[in-house]
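Subject: Structure handover

Hello,

Here is the structure you asked about.

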Amino acid sequence: MNSTLADRLVSWFATAKRDLPWRKEPRDPYRVWVSEVMLQQTRVDVVIPYYRRFLRRFPTLAALAEAPLDDVLAHWSGLGYYARARNLHRAAQACGGRLPRTAAELRALPGFGPYTAAAVASLAFGEDVPLVDGNVERVLSRVFAVRGDARAKAWRIAADLLPAGHGGPFNEALMELGATVCRPRSPACARCPIREMCRGRDDPAKYPAPRRRMARALLQWRALALLRRDGAVLLSRRPAGTLFAGLWDLPAEKPGGIRVHGSATSRGIVEQTLTHREVRVTVEMARASGTPVSSEVRWVTPDGIAAMGISSLARKTLRCAGVLTPAHASRTLRRP
């Protein structure tokens, strides 16, 4: 069964695969890596415009390594999970100008877990190593009617199925099948190339078994929009060890060197649901002037926010404060 399954999937993928920008041949390892990092926890249709903008600004590994982190975060702004961008930058600086060719060597770089290392090694360098992401876990758990810890068992199954000399196409075929056919909801079983081999085809919703969801922690803080007479707003960099570390945001308190004129007025509450947290931000606004004493605090005009690395939550608070209009927000998202 194993060789037949692999052969069918690879053959199916050759004609059914989507035309995605990172699949252009010959594969560029750097571009494969960027796409795989962006695709973690993010849909393909969301990733494509970000991927294209990112590659226009950082077309090579060297360009990414030499760029300031602020610039990298600014081009990631709105994509979320910002540790991905920080690790991309760190790994680009750590790899000495060239990505290693094996999964084992890639694992030594920042941000390279088992999946990302295997994806780059197999898709870009042709190494025969298995990989498991959410799509692969779902496909294999259905095909083999896996009970219990589907992720751990999927890694073992993927290794057993891996066809010698065709690891990359097979891995990509498994991921493509999960993304386009063996979907979490409403799987298109009728057009699955391995339907007759699938033990879970009569009740695919049973596999994989749902994981127990942990209650999300609630984080709350104050965001103070301090506006200068010319319309500039004060932004401060979020410190290491905090949510959205390294990104720019409204400060929680008056920074040193700044004078506030009058009392702060309430602008409302902004809420956002993250993977493991609920965030609630109370937004206040006041007029201010002065020169910040810290380089981690700066005045920024609304149009200048497009060049800053800010989270989607920060963008919401800026809109709530009236700093960003819909026109400003769209320019930020379209930043070349």
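In helix H5, the buried residues are Asp 71, Val 72, Leu 73, Ala 74, His 75 and Trp 76. H5 runs over residues 69-76 and is mostly covered, with six of its eight residues buried. What do those buried residues pack against? Their partners are helix H2 (29-39), helix H3 (44-57), helix H4 (61-66) and helix H6 (83-94). Gly 78 follows H5 and has a positive phi, near 100°.

Keep in mind that this is a predicted model. Mean pLDDT for the chain is 93, and 96% of the residues reach 70 or more. Where pLDDT is low, the predicted coordinates should not be read in detail.

Now the overall picture. The chain has 13 helices and six strands. Its C-alpha trace spans about 75 × 45 × 30 Å along the principal axes. Of the 336 residues, 50% are buried. Take the contacts between residues at least 6 apart in sequence: 67% of them join residues at least 24 apart. The accessible surface is about 16300 Å², and carbon and sulfur atoms account for 51% of that.

Next, the cores. The largest nonpolar core holds 103 residues, and Trp 33 and Phe 54 touch the most other members. Helix H8 (residues 114-125) supplies the largest share of this core, nine residues. Another core, of nine residues, lies apart from it; Leu 226, Ala 232, Ala 288 and Val 297 are among them. In soluble globular proteins, nonpolar side chains tend to be buried together.

Phe 54 deserves a look on screen. Beyond four places in sequence, Phe 54 contacts Tyr 30, Val 34, Met 38, Leu 64, Val 72, His 75, Trp 76 and Leu 88. Among these, Val 72, His 75 and Trp 76 are also buried residues of H5.

On cysteines: how many disulfides does the whole structure hold? The search finds zero. Cys 189 is in no disulfide, and the nearest cysteine sulfur, that of Cys 182, is 6.6 Å away. Cys 189 is partly exposed, at 22% relative accessible area. Cys 95 counts as buried because its relative accessibility is 14%.

Ser 289 sits in strand E5 (residues 277-290). Is Ser 289 buried or exposed? Its relative accessible area is 18%, so Ser 289 is buried. The Ser 289 side chain makes a polar contact with the side chain of His 261, at 2.7 Å. Leaving out residues up to four places away in sequence, Ser 289 touches Gly 257, Ile 258, Arg 259, His 261 and Trp 299.

Some backbone details to check:

- The Glu 25 to Pro 26 peptide bond is cis, with omega near -5°. Pro 26 is in the loop between helix H1 (2-16) and H2.
- Tyr 207 and Pro 208 are also joined by a cis peptide bond, with omega about -10°. Pro 208 is in the loop between helix H11 (167-180) and strand E1 (217-227).
- Gln 41 is not a glycine, yet has a positive phi of about 65°. Gln 41 lies in the loop between H2 and H3 and is exposed, at 62% relative accessible area.
- Ser 186 has a positive phi too, near 55°. Ser 186 is in the loop between H11 and E1 and is exposed, at 56%.

Best wishes

How values were computed
Residues numbered from 1 in each chain as written. Predicted model: local features only at pLDDT ≥ 70, side-chain atom pairs only at ≥ 80, totals over all residues. Heavy atoms only, no water. Core = buried A, V, L, I, M, F, W, Y, C linked by side-chain atoms within 4.5 Å. Buried < 20%, exposed > 50% of the residue type's maximum accessible area, 1.4 Å probe, protein only. Helix = DSSP H or I, 4+ residues; strand = E, 2+ residues; numbered from the N terminus. Contact = heavy atoms within 4.5 Å. Disulfide = S-S within 2.5 Å. Polar contact = N/O pair within 3.5 Å; in protein donor to acceptor, adjacent residues only side chain to side chain. Areas by Shrake-Rupley, 256 points an atom, 1.4 Å probe, with all protein chains shown as cover. pLDDT = per-residue confidence, 0-100.
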